[in-house]
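This briefing concerns a predicted model. The points below are grouped by topic and are intended to be read alongside the structure.

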Amino acid sequence: MTKKPPMLTAHEALEHLLSQAKPVEGQETVAMQSALGRVLAQDVNSLVDVPPVDNTAMDGYAVSSLDTATPGSMLKIGQRIPAGSMGVQLTPGTAARIFTGAPIPLGADAVVMQEDCIISETHSDQVQVTIAPTAGQWIRRRGEDLTAGKTALTAGTFLRPQELGVAASAGLTHLDVKRRVKVAAFFTGDELSLPGQPLKPGGIYNSNRDTLLACLKSLGCEPTDLGIVPDRLESTRDALRRASQDHDLIITSGGVSVGEEDHIKPAVSAEGRLDLWQIAIKPGKPLAFGAVRKSGQLDGGEAWFMGLPGNPVSSFVTFLLFVRPFILKLQGRPVVTPQSYPMRADFNWPKADRRNEFLRVKINAQGGLDLFPNQSSGVLTSASWGDGLLDCPPGQMIQVGDMVKYIPFNALLT
């Protein structure tokens, strides 16, 4: 009897996936308001200095530090400079009433915030500066954020609200972005029904559809929902052929185990190739990876294929740990592997598994990690309750106080 080769570890599987992925080709220019969730195609340079002039970071008085070397100095208020206005040169012995964002007038080298100033009770045009400011105090220098012609954002940046703000401050109205990664998804299982439909005898609602499509949208993909596919080999092959035509990646859920009704493996083998099958992790052991031929194309192109388990937690976890990094690589993003952080376990996990386990946990008020009591791969509420995964190596038990590797969900879902 031929001995089965050992399953790949999570690290080995991820390395293999990322070695295959190449950034998709194609880009477009979009208006700033349409760039959220896109990936920048090339570096962009600032059109202006940000800020364009020295300006004040505080409401207060612009002064010369030479005139205010002694606390309690009394100065005449010579001018008033609101934001959006230019003052005149400061006359020695005077101060300028100034408001946040307003340009610093010539002759001033410090700003004293209004809380440190007292208006004379007898002369409303005079102010007493109660402190001795240092040169440069509360002044934002021209170009301290960005300088004209310098790189404001680099290629491969995923555009969040803060990146769009940087681009706007640099004077940009449009950005060159990578085209969206196109992903087709379908779900196998005669037991599945969509929410709103009556449940079949012995049936369940398809939670993986909404979970995975939402994950794809959160990454800035262009997903196509091909729905539920019957547990038939020919139906599965037909779905793969349709999905391969206009997509970069095909994702399925269910049908990747070794039962008689699991048709993904023979279907992918018939329509393309299967490079990876089963990983030594829990949950999520039956993860498949390969490619499907784009039928009818002269160049013999392929769509990547990733088959996820049907159990909802297994499907969710394998998407975060393997599909997400693969998609980030397709998008041309520079950092794709999930970041983990050392945290303290506030629970016992006495049953070590020979596989790499990913437990659903939540940070408690004491700064440690609590464990969801039911770690079954069918209990999706564990992922909703938790705020991250605990990466537990093979054969490792956990005791209260042990330092463990924690991967937050919020780093895996954006």
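V63 has A110, a residue of β7, as its bridge partner. That pairing belongs to the contact between strand β4, which spans residues 60–63, and β7; the two strands run antiparallel and are joined by four bridges.

**The sheet**
- β7 and β4 belong to an open sheet of six strands, arranged in the order β7-β4-β6-β5-β9-β8.
- The pairing within this sheet is mixed.
- The edge positions are taken by β7 (110–113) and β8 (117–119); each has a single partner strand, so one side of each has no neighbour in the sheet.
- From one strand to the next, the twist averages 40°.

**Aromatic residues**
- Five aromatic pairs are present in the structure.
- One aromatic cluster is formed by F289, W304 and F326.
- The ring of Y61 has the charged end of R97 sitting over it, at 5.1 Å from the ring centre.

**Cysteines**
- How many disulfides does a search of the whole structure find? The search finds zero.
- C215 is in no disulfide, and the nearest cysteine sulfur, that of C221, is 10 Å away. A disulfide requires the two sulfur atoms to lie within 2.5 Å.
- C215 is buried, because its relative accessible area is 5% and the cut-off for a buried residue is under 20%.
- C117 has a relative accessible area of 13% and is therefore also buried.

Note on methods. Residues numbered from 1 in each chain as written. Predicted model: local features only at pLDDT ≥ 70, side-chain atom pairs only at ≥ 80, totals over all residues. Heavy atoms only, no water. Buried < 20%, exposed > 50% of the residue type's maximum accessible area, 1.4 Å probe, protein only. Pairing = 2+ DSSP bridges. Axes fitted to C-alpha atoms, helices over the stretch in contact; angles between N-to-C directions. Phe/Tyr/Trp six-rings, centres within 6.5 Å; stacked < 30°, edge-to-face > 60°. Lys NZ or Arg CZ within 6 Å of the ring centre and 35° of its normal.
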